[in-house]
Amino acid sequence: MSAPPAPTTSGGPTQAPASSSQAQLDAKSAAVAALNDRKRMHQSEAVDIVRVLESAGVEEYDPSVINMLMEFSFRYVYDVIRDASMFSKHAKRDTLEQSDVKLAVQCKVDTQFTKPLPRDAYASIARMKNKTRIPAIPMLSEQRLPSKDNDPRIPVDQNFLAVIADQAIAKAEKSGN
């Protein structure tokens, strides 16, 4: 008796299953190819970020700035596309349109980026604050000096001791007269 024929899916005989080591090798090479594609994509994004920095007149920068700006741009674009997709679905459309992206960008600008107040608003706030008078500093008849007796943590130098001694002598003379 002979062995039954191998099952076919499209009319022809199927190939014998590849060894597990061959399958692992194929998976690794596919992963390496995908990683290389991703590296090339990141390199082109980095070149674009460098061009933007140069066009803005920035000549010296830390290399981590490029990574930071790439991450920011990725997150920003991802959020805009996600929001635009939601707007498109809400409008019962399968395709993403420019109007969806414009609306998503406007929503991001309105909620995530703050605009400075107009100059008039700052002037109004300043006028309100300036209406409140600052209390006057009470004038003391004597200069207040730290006393070694009151707090031993306060360093007292010779000048302070001389002034304190002069004040004590003046008080003694007044009380003696």
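Visitor: Which residues is Lys108 in contact with, leaving aside its neighbours within four places in sequence?
Guide: They are Tyr76, Asp79, Val80, Asp83 and Phe113. Contact means heavy atoms within 4.5 Å. This is a predicted model: local features need pLDDT of at least 70, side-chain atom pairs count only at pLDDT 80 or more, and totals for chains, interfaces and linings use all residues. Residues are numbered from 1 along each chain as its sequence is written, and side-chain values use heavy atoms, leaving out hydrogens and water.

Visitor: Why is Lys108 called buried?
Guide: Its relative accessibility is 8%. Buried means under 20% relative accessible area, exposed over 50%, partly exposed in between (1.4 Å probe, protein chains only). So Lys108 counts as buried.

Visitor: What joins the side chains of Lys108 and Asp83?
Guide: A polar contact of 3.2 Å. The term needs a pair of N or O atoms within 3.5 Å; within protein, one must be able to donate a hydrogen and the other to accept it, and residues adjacent in sequence count only if both atoms are side-chain atoms. Asp83 is one of the buried residues of H2.

Visitor: Why does Leu96 count as partly exposed?
Guide: Leu96 lies in the loop between H2 and helix H3 (98-112). Its relative accessibility is 44%, so Leu96 counts as partly exposed.

Technical notes. Helices (H or I, at least four residues) and strands (E, at least two) are DSSP runs, numbered from the N terminus.
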